[in-house]
Amino acid sequence: MRLPLSWLLEYAAISLSPDDEAGVKEMAERLTACGLEVESVEPVGQDITGVVVAEVVEIEELTGFNKPIRYCQVSTGDGQDRRVICGAANFVVGDRVALAPPGAVLPGGFEIGARKTYGRVSEGMICSAAELAIGEDHSGIMVLPADAPLGTDFVSYAGLRDVVFDINVTPDKGYALSVRGVARELAISYQVPFTDPADVGLLPGYATVSPDVYPVAIEDATACDRFVVREVRGGDPATPTPLAMKIRLARAGQRTVSLAVDVTNYLLLELGQPLHAFDRDHLAGGIVVRRARPGEQLETLDHVVRTLDPEDILITDSSGPISLAGTMGGVATEVSETSRDLVIEAAHFSPRGIARMSRRHKLASEASARFERGVDPELPVRASARAATMLAALSGGTAPPGYSTAAVDIEPVTISMAADYPDEVAGVIYGLDTVLARLREVGCTIGQAPARAPAEPTAPAEHAKPAALDPPAMLAGGQYTSPHAQADHGKHDRSGVALLVTPPSWRPDLTDPADLAEEVIRLEGYQNIPVRAVRAAGGRGLTGRQRLRRAVSRTLGYHGFVEVMSSPFTSAADFDKLQLSADDPRRRAVRLANPLSDDEPLMRTTLLPGMFRTLTRNLGRGFSDVSLYETGLVFRPRPDAAPTAPILRVDRAPAVHELAQLTAALPDQPLRIGAVLTGNVDLPGYWGAGRAAGWQDAIEAARDVLRTSRLQFDVRADQHQPWHPGRCAALFVQTEEGHEWLAGHAGELHPRVITAFGLPPRTTAMELDMSVIEAAADALPPVQSPDLPAYPPAVQDVALVVPDAVPEADVERALAEGVADAGDVTLESLRLFDIYTGAQIAAGHKSLAYTLRFRAPDRTLTAEEASTARDAAVAEAARRTGAVLRGA
Amino acid sequence: MSAPNNTYDPVEVAALSPEELQRMQAEALAAIGTASDLAELKTARIAHFGDRAPLTLANAEIGALPPAARAEAGKRIGTVRAVIKQALSDRQAELEADRDRRVLVDEAVDVTSPWDRHLDGARHPITTVGERLIDVFVNMGYEVAEGPEVEAEWYNFDALNFPPDHPAREMQDTIFVEGPDPSQRSGVVLRTHTSPVQIRAMLTRPVPLYVVSPGRCYRSDALDATHSPVFHQIECLAVDEGLTMADLRGAITAFVDAMFGEGLQTRLRPDYFPFTEPSADVSMECHVCRGASTKPGGEPCRVCRSQGWIEIAGCGMVNPRVLVACGIDPDRYSGFAFGLGIDRSVMIRHGVSDIRDTLEGDVRFSRAFGMEA
């Protein structure tokens, strides 16, 4: 919201020059401090000098150019006429204009000089509005009022020196989208008198309903509760908009259109009330506010023909829809350069109805922005009166004093609030006087319980005003507590004093005690809230799952992996590149209604494609040895998911079954951890050659994660896309209850996947489900300290020959379990130290060489005992896997 | 082998004769004196002073002497042993000194040469700074609460007092999950903030309640240097009896002290969030220039753009309507909430000027931050 200082000061009695930099800065800070954040402060008009008011004395039309050119003689009244070239033709001899003679400076530091052009010497220029930065109008020069004094400095004549505040108005503060609202806040901040612009410029009798004015009716009370119409008859449609109004509109960022439109826009900005002018000649029959009917269409002022939705709120006449209520008018009834008789509408529409309509038609206007944020429902009578009065006065027409209206009664909102509630919220003792004073400043009426002093039936134009309350009387005994007050939060005062607060009609955002507390607290200043020392909250620290996540992250980091955060968006093309089969569950993805990019409309179901792209980005930047890891959620819709999540009530906690309905519509969102590796993991150097990352490194990264979790786990060969079918491991964790859960996969990627994603050959990857790992690890009991016998170990080596197809892990497990069955000898460690294939052993076989390290808790093992244990281990391996002792 | 023996055999005990002992001593001293390094000295020690050295064996024969001769012989052999021991010790010291002078110098290596055989790993600063932020709150006694990123609208908006069709919903450009057909909305969104976790926490945990919820959020923002459609927030929520804005300010102050350094001023200004009332945005004094850039003649500050203040967070008192939607009695309990961007904290604290650096996964970026923030 852009508003010039001069406009605000018209209603807030503050004395401040636009040249007072410190004062202007303070004002911006005060606005921000009261909740109207000033985003920029822009001085305007300061960069214009030397422009003066002049009169056109003579016009010579030059010919022979590709556009009409005038050579004009202009006078500033000092007897030294100047001649200037002008490309515009919208003026006649005798018109007063803004002349920039040589030496004048225009916005942007543009200095005017005498120069030769079109074969003549031009001593300056006649300015358009755009050249003076008070509008966008390049179409012609600016013709000034006939009484503009000749020779006067134009900047001071037009009041161009000003400051424009750009205010970021939050969605709750509809009232601040107006001079009226902002000036009121300024008046409170500076503690100066405020003149309500809604009270000025009204003629006697403005509040009378007249049967002579164009008839209106409201058909749907949920769409509109106030509809006011006035007429202006016989105005001259060619009347120019007054210069001062044009300048203010320009400062506020509004285009100048025509007098009727400019006046309605001006009052929209000043009061916050959207107004619309219809050409009376194009109306037929009474105006009715109603919802759209099936199949109805309307061409709006932006020349879009819109098919209407049955929920749309319309202004209609007997011809059908003529305007999208509170959003945009229709072309058919638009005021034009021939419109002499106008019908002016001022209404109050359902905020939600306007919001929905505006979204539905993707049509946001100044009007809809205000209606959806809340417009003062008491404004239509006044705003329409001002519009009619101004238009009639300016255009030479007449405005009948009365109005025609349709209205629905609205109950005024009354809030019961404990008098010390603001104190309780802020942690500051404000005291009753302050609370009452602040609430009154924002326009609230504070009174007795309605049961004691029923509100008078009020006319539509009047606020409901409960009996005023004398603060000292109220302190005496708390007799103003309403006996009928509902159980309403913030209502109960420790001292038993409850206030019945009626917010002003322009503050529909004030509905709860908390809203009132905020008014008091913000006006008293957030800077005056003390800092109270933090009280200990008694938390139990991080959970085991949270600690595990950190430990896993550190494990991979210390093992040389760099953490990245890839984009979580994906597409079916990624699933194809991953070589997923048509029925792979990873193809079932959350689809977005409005994705950031149409190329990636899905949420990831695996971390890998995003990581592949991050990997190739690093390769593209000149890194060849890259190991990355990432943790993040993947999104896996359940086949039995509910199609939609209901919107539950908010006036109480939902029931368990209601929450279950929400959960049922959400996908599973497990936390995954992934890693991808390419290039060397061991770097070459003066110590020797490096070592390229292989399938083992990806599987080892997965093992590192599982070891960090302390879970027992098992590694098995698997075939699972996107991995190489012969180089893919599935990792399973064992739960405390003896179940086995799949934790994920690791290994070398499938060559087709590598090609599809443009990865280096032999790229390897792993992806584990941290949610599975965390759930299993969460159930682990604390580690129990092991025995540490000091008796010496006995070490034995064995080499076993097995067929190639036998997994090493099976042999290892058989050896371990074979020892376990052989009595009280402990196999302290079992380590594979060699794998041999070749001439020394049978084809299709491999030799696995192990070191077994035995120890007993209570004695030194004899060589015989160690051999017996080893033989038991070998026997078990032979039994399970067909292993044969090498050389046996 | 010797044992108490009264039978005197002069042959067997010849080794204890003074001459013989003198000879052994001379040989030992010669060997010690000619040992040229510690290894040779060790050999000499074993030969002349070890378990099988002639002198040691002779010592064992004392028992074979008649009682009257034992004292004399013992004294003789003890003297010789002491001489040899002293010689060994002296020579040991000499040779060690020699080694320290000569050998260790010869063995010197270039310890500055690298041994960077492995890749440097690193964690992402959003992770590590996020952990630090969490720890600040956990140390104040908060617990970490988590929630889903694909979230029901009710949690993301309605329960947080975003009324249906209210323009407040437009403040956060929302990415919606597609409904079952074009006419039906799914009621599911990518969460636009971590605040729905507040609702989940209030619905599932007992009050008093102190939780901090970090996590990834999504908005339909165009990616530029300061905005990312995928970003990270962290927010704290306290619900207890008698909490006020003064407590909120206390939490904010403690947080800024821990994260950016002690003694920085903080400033609250009115703002609007549907789920808090009153609401405020939080700025802190610039931790880099501490306001110096705003003074006349002050050096410009890149971090605060010479404003002296940096906006870091949004906060407020939990709107009683939110408590009601979570089944918490607003007459008894009040709460405050305080949320900030983790990405933004990384940018402010570490001078990241382009948020895209946090997203692209360039290994140089994370590596610059190492393992801990």
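**Close-up 1. B:Pro208 in the loop between helix H7 and strand E4 of chain B.** In this predicted model, the loop that holds B:Pro208 runs between H7 (195-204) and E4 (209-218). Helices (H or I, at least four residues) and strands (E, at least two) are DSSP runs, numbered from the N terminus. The peptide bond that joins B:Val207 to B:Pro208 is cis, and its omega is near -5°. Most peptide bonds are trans.

**Close-up 2. B:Pro278 in strand E7 of chain B.** Strand E7 covers residues 276-285 and includes B:Pro278. A cis peptide bond leads from B:Glu277 to B:Pro278, with omega near -5°.

**Close-up 3. B:Arg305 in the loop between E7 and strand E8 of chain B.** Strand E8 spans 309-318. B:Arg305 is not a glycine, yet its phi is positive, at about 50°. Most residues other than glycine have a negative phi.

**Close-up 4. B:Ser306 in the loop between E7 and E8 of chain B.** B:Ser306, a residue other than glycine, has a positive phi near 60°. B:Ser306 counts as partly exposed because it has 17 C-beta neighbours inside 10 Å.

**Notes to the views.** Residues are numbered from 1 along each chain as its sequence is written, while chains are lettered from A and ligands numbered from 1 in the order in which they are written. Because the model is predicted, local features need pLDDT of at least 70 and side-chain atom pairs count only at pLDDT 80 or more, whereas totals for chains, interfaces and linings use all residues.

Definitions and conventions:
A residue is buried if 20 or more other C-beta atoms lie within 10 Å of its own, exposed if 12 or fewer, and partly exposed in between; C-beta atoms are placed from the backbone.
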